[in-house]
Amino acid sequence: MRMDRLDRLAFGGDYNPEQWPEELWPEDVKLMREAGVTMVSVGIFSWAALEPSEGTFTFGWLDRVLDLLHEGGIRVDLATPTVVPPAWFYRAHPEALPTNREGVRWEFGSRGAICHSSDAYQRAAVRITRALAERYGDHPALALWHVHNEYGVPVLACYCDASAAHFRRWLADRHGTLDALNSAWGTAFWGQRYGDWEEIQPPRLTPTVANPAQRLDWARFASDAALENFRRERDLLHELSPGTPVTTNFMVSPTQCDSIDYWAWGREVDLVTNDHYLVAEEDRNHVNLAMAADMTRSVAGDKPWLLLEHSTSAVNWQPRGIAKRPGEMARNSLAHVARGSEGAMFFQWRASRAGAEKFHSAMVPHAGTDSRVWREVVQLGADIAALAPLRGSRTVADAAVVWDWESWWAQRLEWRPSDDLDTRERAESWYAALYDLHLTTDFVHPEAPGLARHPLVVVPSLYLATAAAGENLRRYAEGGGTLVVSCFSGIVDADDAVHPGPHPGALRDVLGLTVEEFQPLRAGETVRLAGTGRPELTADVWAETVVTSGAEPLWHYTDGPAAGGPAVTRHALGEGAAWYVSARLDREGLGAVLTAATADAGIGLHDDLPTDVEVVRRVGANGDGYLFVLNHTAAEATVDLAARGGAHGTELLTGARVTGRLAVPAGAVRVVHQPE
Ligand code: GAL
């Protein structure tokens, strides 16, 4: 793969010149140079401007844009515009519009209205992709192909008849025979047996709960159906523009996109790129940002990744478009870089005057260049350029969290024991508890090899866990790892059927216990947990009646439905241990359990650091370290460099030599290069 045009940390954004008079374009390029822009994403929504009627192409304007950018030394991430087919296409092919579960068809006039099973859409997407690749496949400005835009949002699954036929083909592939499908879906329950493939439909609106295994397969199918379309475009680009890497911008973060299995998709792109939008009103939104970045890095495996979109200030689609405070944009951007991103890019270059997103911030705001946002953009461009030495270095993680989109899809279906127990909430809370201990976290798939490289692996409610996952986690603990499993994990197999025997079937042996009964709590009810020499803990939403068979109780319930029984346990296993937390603990509770488990795992904690002073380290192939300190607080913080990779170094953003303790002003970021 020719990554040679991705040879700098990337800085730039989505550039939509077709929204502006051509006279402005040279001014854009001039400003891009002033800001240190290295790359822009072009053409994402340009299908109508490039193919005004079927088979007629108007490439002249794009030729001029790419040439102008090239002359300005700016690289191009060129999009296939297949996220918004033109109006003429839908007029000819209304069947390519997606239909929702209720049977209502979404209309043209917004974006992303696509039935991924539509032949007409697939043919049209191939036509425009081919035309673009033939024309620009060896353009000297081209650094990266950008397929489509954010598969999965705003809508992924389509419930039309073409999708139904596609679903049946996918099911035949997965299950082989109808008997196997009937068995996997448990169709003996409620008399749902299928005698012919043609009887099977998408899980459309049903009077009451639809078959959960059918719904889970449907979620898998929807992710795979879009992936087929991505692959088709990618393969064409590889063929016609050999060597140029191909990406599609992900939205890796359960807060942003819930329908794509990014473990599967991460393997299909040449470069993982991600979009992240801050939940502006959230108190500590930098924690969610860190989680998204850590998840993206993990999805990229051992390859680099790039933040392709975030915002300079407000977004326009949240209830209140809260502007970022001075310094916040840089903290956000550099937090992604700390966690592995090879640069920081934005939506979008110049704020649009018209359309749905005119109140979304941009690198060039409506206020123009005499503005705080522009000045901070220019400063950030210089900061990113100053970080050039760290290109290719890798973020070092202290612990791992197990995450699986399939398990999340399964758990959030209806009629689970408690509506209040939410996989995403648990993953975010456990992640936040690790963040509060200043630990950097990788995410791993439950069946992923190589868990042993992490001294601590946390499993927040992993409702669906295959026998292979259980085996993987058992091997990890036996081999010397410290495994911490949270409530309602290991309950069902890949078909959403309860594992045979008492809960938690997939994890009984590793945890050394059984769960005799779930004890969901009433709304607002809390229970208390106590243990000899241990702090008292509080939980809400969920408790369990646990019976140990090898595990040692550390905390027990002092009240509530499981009073007197074990609540938090530790099972010594081989060289390691498996902890179990049977209740939904609050923030303090998670912190207390993790503090004890990190000691078990031999992880030294840095308790000299205040909360919300974020410290992350990247290490290069030559052993050089890059220590990021992001101070999200309103007070100056100091960090002991010796305890974090080396007492001496150069602070890259200020150029200062530093030694001993590093002072980081309130709201600021510092990046210390620590030579090996
Ligand atoms: C992203 C999308 C961009 C823009 C941005 C800001 O999800 O890819 O095109 O819409 O959000 O809202």
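1. V541 is not a glycine, yet has a positive phi of about 70°.

2. Please keep in mind that this is a predicted model, in which local features need pLDDT of at least 70, side-chain atom pairs count only at pLDDT 80 or more, and totals for chains, interfaces and linings use all residues. Residues are numbered from 1 along each chain as its sequence is written, and side-chain values use heavy atoms, with hydrogens and water left out.

3. One runs from V153 to P154, with omega near 0°, and P154 sits in the loop between β4 (142-147) and α6 (161-175). Another joins H503 and P504 with omega about -10°; P504 belongs to the loop between β14 (482-486) and α16 (508-511).

4. Now to the ligand. In the side chain of N149, an N or O atom is 2.9 Å from a ligand oxygen, and for the side chain of E309 the distance is 2.9 Å. A polar side-chain atom of W317 lies 2.8 Å from an oxygen atom of the ligand. Taken alone, the ligand exposes 300 Å², of which the protein buries 96% (Shrake-Rupley method, 1.4 Å probe; for residues, only the protein chains shown count as cover).

5. Finally, helix α14 (residues 423-436) packs with helix α17 (residues 587-601) at about 60°, their axes 9 Å apart (axes are lines fitted to C-alpha atoms, for helices over the stretch in contact, and angles run from 0 to 180 degrees between N-to-C directions).

Methods
Polar contact = N/O pair within 3.5 Å; in protein donor to acceptor, adjacent residues only side chain to side chain. Helix = DSSP H or I, 4+ residues; strand = E, 2+ residues; numbered from the N terminus.
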